[in-house]
Amino acid sequence: MCGIIGIVGSSHVATQLYDGLTVLQHRGQDAAGIATADGSKLRVHKGSGLVSEVFGEKAMRVLQGHMGIGHCRYPTAGSEGLDEAQPFYVNSPFGIALAHNGNLINTDALRLEIFEQDRRNISTDSDSEVLLNVFAHELDTQRVLTPDAVFKAIEGVHRRCVGGYTAVATVLGLGLVAIRDPHGIRPLVLGKRNSGGHDEYAVASESVALDLIGFERVRDVGPGEGILITEDGQLHSRQCAEPRAHTPCIFEYVYFARPDSMMDDISVHKARMRMGVTLGEKILRLRPDHDIDVVIPIPDTSRDSALEMALTLGVKYREGFIKNRYIGRTFIMPGQGERAKSVRRKLNPIPLEFRNRVVLLVDDSIVRGTTSRQIVQMARDAGARKVYLASAAPPVRHPNIYGIDMPSVDELIAHDRTDEEVQALLGCDWLIYQDLADLEHAVSGPKDRIEHFDASCFNGHYVTGTEADYFERIKRLRSDEAKTTRRAS
């Protein structure tokens, strides 16, 4: 999962891109980059680390231009080195820089096709470079640089690329291009503001980035839609793919997105609140005479759900863990050993909130279970009489193939296990999961804004379809053993 942003303004945009990336930092902490266009010149600066570490005063002075894109990355399997930091750039045709969020699932076939048919070379293992070269080739075949040519190139991208993806690109001499996959799996939001009588536009993975830099959220980029914002601030849009089922990734609302974001006209904050209500109601159905004394969230993304669960159950809500703000998300730590060591560094319990109580811990989801098992033990060590664990999401039984680098299927704690078996492995006295139908209803909301979601990590249904050997290939890439081997080499 990555964060992307693009701006066409009436003044230099590098500082605004930097600010936008800082509030998309939760989407990726491995690398960051910015590309700006100033007339016929394209300037790129990128590197490993947090946004604040990559960009200093010297780099920001170099990034001149009224148009630009930014990217923050967490590494997906096989694309983990500095060479894969974005944006990527090609000089033919015209000069194009591109930043990408998501994952193409036909990368191997495309890589061969690009070499043999398009006569282009791919120099990294990143599917983002593949996407860039597909777009560049499709634009080159148009032989002209016009809005119509850009949209025909995007049609070619959608025809050839399979997966969940969004991208922003600068095309020298024309403007900023934004692309969203035909199923709308990955999010992309369009914003607008007026500065000195000039319309300025921005696109970003989440609306929170637009809020910070003073853009008003206009709407979401539609599934399969192409957006072009010319250098002089003219907005063009076109549907560039045949209509398909709109299936945004439901895990965005469960875990990845910030609660203050709006995506596909859905408030992430309210979606998580509704998750807590439906899960609380399930507990009341199963155990109307429950003995829960206190509800405690596992910070941070479960707080909204936990508070509503406490209200629904009629019990106390308490903050029981203090979080070290200077430790990154354990979900995206590079290996299981590092992930395990980081939990104790990241969280510390407040014993007074646990002592002699029946505690219901609430997490947004349970993926590997390593973190959950340690937190359950921490609660016991802090004096809890019983420890119950609630997941605001259903069991994660299948890999995500659209841009979330979940582990190989054998490392998912719920894969091929019953809830009771997972409960025993986690060491809790009771484990309760959200039902998928309740999760979908909670995210969609009372107005049923979205009829279908990509919930493949829960139900194993992949809207794009998959090749026969695809899961075996990603298993070889994503296992901790494979990652350790790559780092050692």
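**A loop residue and its surroundings**

Modeller: Happy to! Let us begin with Asn-356, which counts as exposed because its relative accessibility is 60%, over the 50% cut-off for that word. Please keep in mind that this is a predicted model. Asn-356 sits in the loop between β19 (347-349) and β20. Its backbone has a positive phi of about 60 degrees, although Asn-356 is not a glycine.

Helix α10 itself runs over residues 303-313, and its buried residues are Asp-304, Ser-305, Ala-306, Glu-308, Met-309, Ala-310 and Leu-313. Just after α10 comes Gly-314, with a positive phi of about 75 degrees.

Asp-448 belongs to the loop between α14 and α15. With 47% relative accessibility, Asp-448 counts as partly exposed.

The largest nonpolar core has 38 residues, and Phe-251, Tyr-253, Met-275, Ile-404, Val-443 and Phe-458 touch the most other members. Two or more residues each are given to this core by α8 (251-256), α9 (268-286), α14 (436-444), α15 (456-459) and α16 (470-478). Helix α8 supplies the largest share, 5 residues. Leaving aside residues up to four places away in sequence, Val-443 touches Ile-250, Tyr-253, Ile-266, Ala-271, Arg-274, Met-275 and Phe-453. Another core lies apart from this one, with 31 residues, including Ile-122, Ile-154, Val-177 and Leu-228.

Leu-131, in helix α5 (residues 127-140), counts as buried at 1% relative accessibility. Beyond residues up to four places away in sequence, Leu-131 touches Leu-98, His-100, Leu-104, Val-157, Cys-161 and Ala-167. The C-alpha atoms of Leu-131 and Thr-107 are separated by 8.7 Å, and these residues are 24 apart along the chain. Ser-207 is part of helix α7 (residues 207-212) and is buried too, with a relative accessible area of 3%. Its contacts, not counting residues up to four places away in sequence, are Val-189, Arg-217, Asp-260, Ser-261 and Met-262.

The backbone has a couple of cis peptide bonds to look for as well. One runs from Gln-86 to Pro-87, with omega near 10 degrees; Pro-87 is in the loop between β4 (67-73) and β5 (88-90). A cis bond also joins Ser-92 and Pro-93, with omega about 0 degrees, and Pro-93 lies in the loop between β5 and β6 (96-104).

Finally, let us step back to the whole chain. The protein chain has 17 helices and 22 strands. Its radius of gyration is 23 Å, close to the 23 Å that the globule rule gives for 489 residues, so the chain is as compact as a globular protein of that length. The C-alpha trace spans about 70 × 50 × 45 Å along its principal axes. Of the 489 residues, 59% count as buried. Among contacts between residues at least 6 apart in sequence, 70% join residues at least 24 apart.

Technical notes:
Residues are numbered from 1 along each chain as its sequence is written. This is a predicted model: local features need pLDDT of at least 70, side-chain atom pairs count only at pLDDT 80 or more; totals for chains, interfaces and linings use all residues. Side-chain values use heavy atoms; hydrogens and water are left out. Helices (H or I, at least four residues) and strands (E, at least two) are DSSP runs, numbered from the N terminus. The radius of gyration is taken over C-alpha atoms; the globule rule is 2.2 Å times the number of residues to the power 0.38. Buried means under 20% relative accessible area, exposed over 50%, partly exposed in between (1.4 Å probe, protein chains only). Contact means heavy atoms within 4.5 Å. A nonpolar core is a set of buried Ala, Val, Leu, Ile, Met, Phe, Trp, Tyr and Cys residues joined through side-chain atoms within 4.5 Å.
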